[in-house]
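Hello,

Here is the structure I promised to pass on to you. Please open it first, and then read my notes alongside it.

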Amino acid sequence: QKVHPAEADAVAVSPFQIVRLEGLTSAAGQLLNGQQGRTLQWDANRGRFHVQLRGVGVKSLKPKNLKPLVNLDRDILAHQLVDIDGSDPCANEPASVLANRVATLLWFLGLQ
């Protein structure tokens with residue numbers, strides 16, 4: 001099965017991930033370069049992610065214009081979240097899911 005190029009780019013980005021916008025070339029898009037947002041869902045028909053931008057709303061953007069901000073340290077971050085007694089409250093959740101939830105919370109609180 002042939003993979004659409006946009007879908008190949010989308011592999012590096014997942015829903016509910018914090019991203020920075022880059023490489024937008026239109027006049028309106030250039031104003032958004034450097035802003036942070038949160039991916040919502042993948043639109044396979046258009047080859048774009050819906051991205052929530054604080055103070056702007058939802059934009060439909062190509063994966064190549066989204067740079068994930070929580071990536072390399074997500075496993076470390078996720079494994080830091082343990083109960084006081086040392087048990088892991090999220091042991092059945094993949095580290096990447098947990099890290100994306102933490103990053104989303106920090107983003108909404110304006111701490112990232």
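Below is what I found, from the overall layout to a few single residues.

Please keep in mind that this is a predicted model. The protein contains four helices and five strands, and along the sequence they come in the order α-β-α-β-β-β-β-α-α. Of its 112 residues, 30% are buried. Among contacts with a separation of 6 or more, 46% are between residues 24 or more positions apart.

Next, the sheet. The five strands make an open, antiparallel sheet ordered E4-E3-E2-E1-E5. At its edges are E4 (57-61) and E5 (66-68), each of which pairs on one side only. On average, neighbouring strands are turned by 45 degrees against each other, direction ignored. E5 pairs with E1 over three bridges in the antiparallel sense, and there Arg20 stands opposite Lys67 of E5.

And what does the largest nonpolar core consist of? It has 10 residues: Val13, Val19, Leu21, Leu24, Leu32, Phe49, Val51, Leu53, Leu61 and Leu66.

Leaving aside residues up to four places away in sequence, Leu66 touches Val13, Val19, Arg20, Leu21, Thr39, Phe49, Val51 and Leu61.

Enjoy looking around!

Best wishes

Conventions. Residues numbered from 1 in each chain as written. Predicted model: local features only at pLDDT ≥ 70, side-chain atom pairs only at ≥ 80, totals over all residues. Heavy atoms only, no water. Helix = DSSP H or I, 4+ residues; strand = E, 2+ residues; numbered from the N terminus. Buried < 20%, exposed > 50% of the residue type's maximum accessible area, 1.4 Å probe, protein only. Contact = heavy atoms within 4.5 Å. Core = buried A, V, L, I, M, F, W, Y, C linked by side-chain atoms within 4.5 Å. Pairing = 2+ DSSP bridges. Axes fitted to C-alpha atoms, helices over the stretch in contact; angles between N-to-C directions.
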